[in-house]
Amino acid sequence: MNSEDCLKVINKINDCLKENLWMDFEMCKMNEGNIVLSGMLDELDDEIIEISFIQPFMCSCALRFTYDEGEFISLIQGESAIEINKKYKVEQGNYIFSISIDGCNDYFIIAKEIQVRIAK
(Lines give C-alpha, C1' and ligand atoms only; values in the text may rest on other atoms or scores of the structure.)
Protein backbone atom coordinates (compact mmCIF):
# COMPACT_ATOMS: atom_id res chain seq x y z
CA MET A 1 0.00 0.00 0.00
CA ASN A 2 1.30 3.44 -0.87
CA SER A 3 0.28 6.84 0.52
CA GLU A 4 -2.11 7.44 -2.39
CA ASP A 5 -3.95 4.20 -1.54
CA CYS A 6 -4.07 5.28 2.12
CA LEU A 7 -5.58 8.63 1.15
CA LYS A 8 -8.28 6.92 -0.96
CA VAL A 9 -9.35 4.81 2.04
CA ILE A 10 -9.20 7.83 4.35
CA ASN A 11 -11.44 9.83 1.98
CA LYS A 12 -13.92 6.95 1.85
CA ILE A 13 -14.03 6.85 5.68
CA ASN A 14 -14.44 10.62 6.04
CA ASP A 15 -17.16 10.69 3.36
CA CYS A 16 -19.11 7.97 5.18
CA LEU A 17 -18.88 9.79 8.49
CA LYS A 18 -20.00 13.11 6.98
CA GLU A 19 -23.31 11.41 6.15
CA ASN A 20 -23.96 10.87 9.89
CA LEU A 21 -24.39 13.43 12.67
CA TRP A 22 -22.28 11.36 15.05
CA MET A 23 -20.92 7.86 15.47
CA ASP A 24 -19.84 5.87 18.49
CA PHE A 25 -16.60 3.94 18.04
CA GLU A 26 -15.12 1.02 19.89
CA MET A 27 -11.74 -0.59 19.48
CA CYS A 28 -13.08 -4.10 19.14
CA LYS A 29 -9.86 -5.91 18.24
CA MET A 30 -6.20 -5.26 18.86
CA ASN A 31 -3.33 -7.64 18.21
CA GLU A 32 -0.09 -7.80 16.21
CA GLY A 33 -2.02 -8.50 13.01
CA ASN A 34 -4.54 -5.69 13.13
CA ILE A 35 -6.43 -3.07 15.09
CA VAL A 36 -10.13 -2.80 14.31
CA LEU A 37 -12.33 0.21 15.06
CA SER A 38 -16.04 -0.48 14.86
CA GLY A 39 -18.46 2.43 14.35
CA MET A 40 -22.21 2.47 15.03
CA LEU A 41 -24.89 5.09 15.64
CA ASP A 42 -26.00 3.50 18.91
CA GLU A 43 -24.66 0.73 21.12
CA LEU A 44 -27.70 -1.37 20.16
CA ASP A 45 -27.41 -0.71 16.41
CA ASP A 46 -25.56 -2.80 13.90
CA GLU A 47 -22.07 -1.78 12.89
CA ILE A 48 -22.00 0.82 10.10
CA ILE A 49 -18.26 1.06 9.52
CA GLU A 50 -15.27 -1.13 10.36
CA ILE A 51 -11.79 0.36 10.01
CA SER A 52 -8.87 -2.07 10.07
CA PHE A 53 -5.25 -1.07 10.55
CA ILE A 54 -3.08 -3.89 9.21
CA GLN A 55 0.22 -4.81 10.90
CA PRO A 56 0.08 -2.06 13.52
CA PHE A 57 3.28 -0.67 15.00
CA MET A 58 1.76 1.57 17.68
CA CYS A 59 -1.57 2.83 18.95
CA SER A 60 -2.32 5.95 20.98
CA CYS A 61 -6.11 6.01 21.05
CA ALA A 62 -9.05 5.76 23.45
CA LEU A 63 -10.83 2.39 23.48
CA ARG A 64 -14.27 4.02 23.18
CA PHE A 65 -15.08 7.45 21.78
CA THR A 66 -17.64 9.46 19.82
CA TYR A 67 -17.12 11.17 16.48
CA ASP A 68 -19.07 14.43 16.23
CA GLU A 69 -17.93 16.40 13.19
CA GLY A 70 -15.03 17.38 10.95
CA GLU A 71 -12.32 15.24 9.45
CA PHE A 72 -12.22 12.01 11.43
CA ILE A 73 -9.00 10.55 10.10
CA SER A 74 -6.00 11.93 8.25
CA LEU A 75 -2.53 10.84 7.20
CA ILE A 76 0.30 12.56 9.04
CA GLN A 77 3.09 13.54 6.65
CA GLY A 78 6.00 15.94 6.43
CA GLU A 79 7.68 17.44 9.48
CA SER A 80 5.04 16.12 11.90
CA ALA A 81 5.63 12.58 10.67
CA ILE A 82 9.40 13.00 11.04
CA GLU A 83 8.98 14.13 14.66
CA ILE A 84 6.75 11.14 15.50
CA ASN A 85 9.14 8.79 13.68
CA LYS A 86 12.07 10.05 15.76
CA LYS A 87 10.16 10.07 19.05
CA TYR A 88 8.76 6.53 18.73
CA LYS A 89 11.41 4.99 16.45
CA VAL A 90 8.82 4.05 13.84
CA GLU A 91 9.94 1.37 11.42
CA GLN A 92 10.04 2.25 7.71
CA GLY A 93 7.00 1.29 5.68
CA ASN A 94 4.48 2.40 8.30
CA TYR A 95 1.92 5.17 7.94
CA ILE A 96 0.80 7.45 10.77
CA PHE A 97 -2.98 7.85 10.89
CA SER A 98 -4.27 10.74 13.01
CA ILE A 99 -7.72 10.31 14.54
CA SER A 100 -9.58 13.44 15.60
CA ILE A 101 -11.72 12.89 18.67
CA ASP A 102 -13.56 15.92 20.03
CA GLY A 103 -11.30 18.22 17.99
CA CYS A 104 -8.14 16.72 19.53
CA ASN A 105 -5.58 15.32 17.05
CA ASP A 106 -3.40 13.70 19.70
CA TYR A 107 -4.64 10.19 18.91
CA PHE A 108 -2.91 8.16 16.26
CA ILE A 109 -2.44 4.64 14.98
CA ILE A 110 0.72 3.66 13.14
CA ALA A 111 0.34 0.72 10.75
CA LYS A 112 1.43 -0.67 7.38
CA GLU A 113 -2.04 -0.51 5.79
CA ILE A 114 -5.61 0.63 6.32
CA GLN A 115 -8.84 -0.97 5.11
CA VAL A 116 -12.49 -0.07 5.53
CA ARG A 117 -15.75 -1.98 5.31
CA ILE A 118 -18.94 0.07 5.16
CA ALA A 119 -22.31 -1.62 5.63
CA LYS A 120 -25.03 -0.26 3.36
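Q: Is Lys 89 buried or exposed?
A: This is a predicted model, in which local features need pLDDT of at least 70, side-chain atom pairs count only at pLDDT 80 or more, and totals for chains, interfaces and linings use all residues. Residues are numbered from 1 along each chain as its sequence is written, and side-chain values use heavy atoms, with hydrogens and water left out. Buried means under 20% relative accessible area, exposed over 50%, and partly exposed in between (1.4 Å probe, protein chains only). The relative accessibility of Lys 89 is 65%, so Lys 89 counts as exposed.

Q: Where is Lys 89?
A: Helices (H or I, at least four residues) and strands (E, at least two) are DSSP runs, numbered from the N terminus. Lys 89 has a positive phi of about 55 degrees although it is not a glycine. Its place is the loop between helix H2 (78-88) and strand E6 (95-101).

Q: What is the bridge partner of Asp 24 in E4?
A: Two strands pair if DSSP finds at least two bridges between them. Strand E1 (residues 23-30) pairs with E4 in the antiparallel sense over four bridges. In E4, Asp 24 has as its bridge partner Thr 66.
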